[in-house]
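Here are my notes from going through this one, as numbered points. Have the structure open while you read.

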Amino acid sequence: MTQGPSPQSMRYSIDEVLSGMLASITRDKFTDDVERLGAVFKTLSAKHPLLAPFAAIGGEANFSAVLRVALQKLVDKALIHHEPGRYTLTPQGRASCVSSKRTLFKAGDMGQLEAAARDFEEQVAV
């Protein structure tokens with residue numbers, strides 16, 4: 001029996017977690033500094049068990065790269081808009097994130113997701 005998280009054991013993809021976190025924050029804008037975002041997300045993964053599998057996947061060297069791919073998925077879905085210096089959660093994106101959060105996340109994970117979102121917002125809002 002293996003111990004610890006593996007990509008196969010994760011309940012949610014990183015873009016789903018980001019979407020759920022965006023549904024939980026009050027601000028619509030956050031930095032586009034992917035290196036900073038990666039460092040913040042890595043710190044959050046140590047504090048919030050729901051995010052721990054992403055630290056295992058991202059590792060030291062490419063955590064920002066993993067996050068960059070997830071952010072691009074959200075841009076491609078038109079949930080967020082990227083402009084120089086920041087990402088902006090669109091009104092339609094917020095509605096979609098809120099809806100997905102309600103249907104995707106289990107009640108037991110919701111508290112962790114919302115706590116991680118508060119920490120995220122404090123560190124990356126512009």
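1. K77 is exposed, at a relative accessible area of 52%. That puts K77 on the exposed side of the cut-off because exposed means over 50%. Bear in mind that this is a predicted model.

2. What does K77 pair with? Its salt-bridge partner is D15, and the closest N and O atoms are 3.5 Å apart.

3. Is D15 buried or exposed? D15 is buried, with a relative accessible area of 8%, while K73 comes out as partly exposed at 41%. Through shared partners, D15, K73 and K77 end up in one salt-bridge network.

4. Over to another pair: K101 and E114 meet through their side chains in a salt bridge of 2.8 Å, N to O. K101 sits in helix α4 (residues 91-104) and E114 in helix α5 (residues 107-124), 13 residues apart, and the pair again links distant parts of the chain. K101 is buried, with a relative accessible area of 11%, whereas E114 counts as partly exposed at 28% relative accessibility. How many salt bridges are there by this rule? The count comes to 7.

5. Now the strands. β2 (residues 80-83) pairs with β3 in the antiparallel sense, over 4 bridges. Within that pairing, H81 stands opposite T88 in β3. The hairpin of β2 and β3 has 2 residues between the strands, and G85 takes a positive phi near 90° there.

6. Which strand does β1 join? Strand β1 (residues 29-31) runs antiparallel to strand β3 (residues 86-89), and 3 bridges join them. F30 has Y87 in β3 as its bridge partner. So β3 pairs with β1 and also with β2, given that strands pair if at least two bridges are found between them. When you look at side-chain directions, recall that in a regular strand they alternate between the two faces of the sheet.

Conventions. Residues numbered from 1 in each chain as written. Predicted model: local features only at pLDDT ≥ 70, side-chain atom pairs only at ≥ 80, totals over all residues. Heavy atoms only, no water. Salt bridge = Lys/Arg side-chain N within 4 Å of Asp/Glu carboxyl O. Buried < 20%, exposed > 50% of the residue type's maximum accessible area, 1.4 Å probe, protein only.
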